[in-house]
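Biologist: Could you put the model up and talk me through the fold?

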Amino acid sequence: MHAGAPGTGTGFPPGPPTATSYEATPYGTPPPMPETVPQLSGALTASAVLRVECSREGFARVRSFTRDTLHVWSLGHRYDDATLVVTELAANAATHAAPAAGARGAPEIRLGFLLDPTHLLVTVSDPDDHPPVYAPAGSALEEHGRGLCLVDALSEEWGWTPCPPAGKTVWARLSTCPPI
(Lines give C-alpha, C1' and ligand atoms only; values in the text may rest on other atoms or scores of the structure.)
Protein backbone atom coordinates (compact mmCIF):
# COMPACT_ATOMS: atom_id res chain seq x y z
CA MET A 1 0.00 0.00 0.00
CA HIS A 2 1.47 3.33 -1.01
CA ALA A 3 0.66 6.41 1.02
CA GLY A 4 -1.81 8.57 -0.83
CA ALA A 5 -2.84 5.82 -3.25
CA PRO A 6 -6.28 4.24 -3.19
CA GLY A 7 -6.34 1.14 -1.01
CA THR A 8 -6.46 -2.32 -2.50
CA GLY A 9 -7.90 -4.44 0.32
CA THR A 10 -10.97 -6.59 -0.08
CA GLY A 11 -13.20 -4.94 2.50
CA PHE A 12 -14.12 -5.78 6.06
CA PRO A 13 -14.77 -9.23 7.44
CA PRO A 14 -18.41 -10.11 7.99
CA GLY A 15 -19.89 -9.94 11.44
CA PRO A 16 -22.09 -7.61 13.45
CA PRO A 17 -20.34 -4.68 15.07
CA THR A 18 -20.91 -3.90 18.73
CA ALA A 19 -22.49 -0.47 19.19
CA THR A 20 -20.97 2.23 21.37
CA SER A 21 -22.89 5.01 23.09
CA TYR A 22 -22.14 7.32 20.17
CA GLU A 23 -24.10 5.12 17.80
CA ALA A 24 -27.25 6.21 19.60
CA THR A 25 -26.89 9.65 17.94
CA PRO A 26 -29.08 10.63 14.97
CA TYR A 27 -26.17 9.75 12.70
CA GLY A 28 -25.90 6.36 14.35
CA THR A 29 -25.20 3.90 11.58
CA PRO A 30 -21.67 2.94 10.65
CA PRO A 31 -20.75 4.31 7.23
CA PRO A 32 -20.73 1.92 4.32
CA MET A 33 -17.06 1.19 3.85
CA PRO A 34 -15.65 1.03 0.34
CA GLU A 35 -14.08 -2.29 -0.59
CA THR A 36 -10.74 -0.58 -1.14
CA VAL A 37 -10.21 0.15 2.57
CA PRO A 38 -7.78 -2.39 4.06
CA GLN A 39 -9.10 -5.59 5.50
CA LEU A 40 -8.81 -5.83 9.25
CA SER A 41 -6.96 -8.75 10.75
CA GLY A 42 -9.80 -10.46 12.60
CA ALA A 43 -13.51 -10.35 13.31
CA LEU A 44 -14.95 -6.87 13.64
CA THR A 45 -15.62 -6.33 17.34
CA ALA A 46 -16.84 -2.75 17.51
CA SER A 47 -17.56 0.35 15.47
CA ALA A 48 -18.46 3.96 16.19
CA VAL A 49 -19.28 6.90 13.95
CA LEU A 50 -19.71 10.63 14.41
CA ARG A 51 -20.76 13.39 12.03
CA VAL A 52 -19.59 16.89 12.84
CA GLU A 53 -19.53 20.30 11.25
CA CYS A 54 -16.09 21.71 10.54
CA SER A 55 -15.95 24.19 13.38
CA ARG A 56 -14.13 24.73 16.66
CA GLU A 57 -16.95 22.95 18.49
CA GLY A 58 -16.88 20.14 15.95
CA PHE A 59 -13.17 19.53 16.50
CA ALA A 60 -13.71 19.49 20.27
CA ARG A 61 -16.40 16.83 19.71
CA VAL A 62 -13.96 14.83 17.56
CA ARG A 63 -11.39 14.77 20.37
CA SER A 64 -14.02 13.90 23.00
CA PHE A 65 -15.47 11.21 20.77
CA THR A 66 -12.01 9.71 20.28
CA ARG A 67 -11.21 9.79 24.01
CA ASP A 68 -14.56 8.32 25.05
CA THR A 69 -14.60 5.62 22.36
CA LEU A 70 -11.06 4.45 23.12
CA HIS A 71 -11.82 4.47 26.85
CA VAL A 72 -14.87 2.24 26.35
CA TRP A 73 -12.75 -0.10 24.20
CA SER A 74 -9.92 -0.17 26.81
CA LEU A 75 -7.52 1.47 24.37
CA GLY A 76 -6.43 4.40 26.51
CA HIS A 77 -2.82 3.55 25.65
CA ARG A 78 -3.59 4.48 21.99
CA TYR A 79 -5.36 7.74 22.81
CA ASP A 80 -2.50 10.17 22.05
CA ASP A 81 -1.58 8.66 18.70
CA ALA A 82 -5.19 8.11 17.63
CA THR A 83 -6.19 11.64 18.61
CA LEU A 84 -3.31 13.15 16.66
CA VAL A 85 -4.16 11.05 13.59
CA VAL A 86 -7.87 11.89 13.83
CA THR A 87 -7.16 15.59 14.37
CA GLU A 88 -4.85 15.78 11.36
CA LEU A 89 -7.28 13.91 9.09
CA ALA A 90 -10.22 16.03 10.29
CA ALA A 91 -8.25 19.26 9.82
CA ASN A 92 -7.33 18.21 6.28
CA ALA A 93 -10.95 17.33 5.58
CA ALA A 94 -12.14 20.69 6.94
CA THR A 95 -9.55 22.62 4.96
CA HIS A 96 -10.37 20.92 1.68
CA ALA A 97 -14.09 20.25 2.19
CA ALA A 98 -14.96 23.92 2.79
CA PRO A 99 -14.69 24.87 -0.91
CA ALA A 100 -16.61 21.72 -1.88
CA ALA A 101 -19.46 22.65 0.46
CA GLY A 102 -19.85 26.00 -1.31
CA ALA A 103 -22.91 27.94 -0.29
CA ARG A 104 -24.44 25.00 1.55
CA GLY A 105 -22.93 26.23 4.84
CA ALA A 106 -20.28 24.68 7.04
CA PRO A 107 -19.00 21.41 5.61
CA GLU A 108 -19.68 18.22 7.49
CA ILE A 109 -17.22 15.39 7.95
CA ARG A 110 -17.81 11.84 9.15
CA LEU A 111 -15.41 10.17 11.54
CA GLY A 112 -15.47 6.41 11.95
CA PHE A 113 -13.67 3.88 14.10
CA LEU A 114 -13.63 0.16 13.40
CA LEU A 115 -11.99 -2.19 15.88
CA ASP A 116 -10.79 -5.74 15.54
CA PRO A 117 -8.62 -7.64 18.03
CA THR A 118 -5.33 -6.22 16.69
CA HIS A 119 -6.12 -2.97 14.85
CA LEU A 120 -8.05 0.26 15.06
CA LEU A 121 -9.12 1.65 11.71
CA VAL A 122 -9.79 5.41 11.69
CA THR A 123 -11.74 6.87 8.79
CA VAL A 124 -12.57 10.49 7.96
CA SER A 125 -14.94 11.18 5.08
CA ASP A 126 -15.56 14.56 3.46
CA PRO A 127 -17.38 15.90 0.37
CA ASP A 128 -14.21 16.85 -1.55
CA ASP A 129 -13.24 14.60 -4.49
CA HIS A 130 -9.55 15.50 -4.58
CA PRO A 131 -7.06 12.97 -3.19
CA PRO A 132 -4.97 13.87 -0.16
CA VAL A 133 -1.52 15.20 -1.02
CA TYR A 134 1.38 13.64 0.84
CA ALA A 135 4.41 15.90 0.69
CA PRO A 136 7.33 15.03 2.95
CA ALA A 137 8.11 18.11 4.99
CA GLY A 138 11.03 20.17 3.71
CA SER A 139 11.51 22.01 7.00
CA ALA A 140 10.45 21.32 10.56
CA LEU A 141 9.56 25.04 10.79
CA GLU A 142 6.90 24.92 8.07
CA GLU A 143 3.51 25.90 9.40
CA HIS A 144 1.39 23.73 7.07
CA GLY A 145 1.74 20.50 5.15
CA ARG A 146 3.00 18.13 7.84
CA GLY A 147 -0.33 16.47 8.75
CA LEU A 148 -0.07 13.43 6.48
CA CYS A 149 3.59 13.02 7.47
CA LEU A 150 2.39 12.65 11.07
CA VAL A 151 -0.35 10.24 10.01
CA ASP A 152 2.22 8.23 8.07
CA ALA A 153 4.59 8.11 11.06
CA LEU A 154 1.93 7.07 13.60
CA SER A 155 -0.04 4.53 11.58
CA GLU A 156 0.87 1.13 10.18
CA GLU A 157 -0.59 2.21 6.86
CA TRP A 158 -2.92 4.83 5.50
CA GLY A 159 -4.61 5.67 2.25
CA TRP A 160 -7.77 6.99 0.70
CA THR A 161 -10.64 5.87 -1.45
CA PRO A 162 -13.22 7.83 -3.45
CA CYS A 163 -16.83 7.70 -2.27
CA PRO A 164 -19.09 8.02 -5.33
CA PRO A 165 -21.03 10.02 -6.21
CA ALA A 166 -18.89 12.63 -4.42
CA GLY A 167 -16.26 12.84 -1.74
CA LYS A 168 -13.58 10.58 -0.32
CA THR A 169 -12.61 8.65 2.77
CA VAL A 170 -9.10 8.90 4.17
CA TRP A 171 -8.17 6.06 6.52
CA ALA A 172 -5.36 5.08 8.85
CA ARG A 173 -4.76 1.73 10.53
CA LEU A 174 -3.20 1.72 14.01
CA SER A 175 -2.13 -1.24 16.10
CA THR A 176 -4.08 -1.87 19.29
CA CYS A 177 -1.05 -3.45 20.98
CA PRO A 178 0.27 -1.62 24.05
CA PRO A 179 3.65 0.05 23.63
CA ILE A 180 6.67 -2.01 24.61
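Modeller: Two strands count as paired if DSSP finds at least two bridges between them, and strands (E, at least two residues) and helices (H or I, at least four) are DSSP runs numbered from the N terminus. In that scheme, L115 has L120 in β3 as its bridge partner. This is a predicted model, where local features need pLDDT of at least 70 and side-chain atom pairs count only at pLDDT 80 or more, while totals for chains, interfaces and linings use all residues. Residues are numbered from 1 along each chain as its sequence is written, and side-chain values use heavy atoms, leaving out hydrogens and water.

Biologist: Over how many bridges do β2 and β3 pair?

Modeller: Strand β2 (residues 108–115) and strand β3 (residues 119–126) are joined by six bridges, in the antiparallel sense.

Biologist: And what is the strand order of the open sheet?

Modeller: The five strands are ordered β1-β2-β3-β5-β4, with antiparallel pairing. Because β1 (46–53) and β4 (157–162) each have a single partner strand, they stand at the edges, and one side of each lacks a neighbour in the sheet.

Biologist: Where does helix α1 lie?

Modeller: Helix α1 (residues 56–72) lies across β1, β2 and β3, and runs at about 170° to β1; such angles run from 0 to 180 degrees between N-to-C directions, with axes fitted to C-alpha atoms, for helices over the stretch in contact, where contact means heavy atoms within 4.5 Å.

Biologist: Changing topic, how much of the protein is buried?

Modeller: Of its 180 residues, 44% count as buried, meaning under 20% relative accessible area with a 1.4 Å probe, protein chains only.

Definitions and conventions. Buried means under 20% relative accessible area, exposed over 50%, partly exposed in between (1.4 Å probe, protein chains only).
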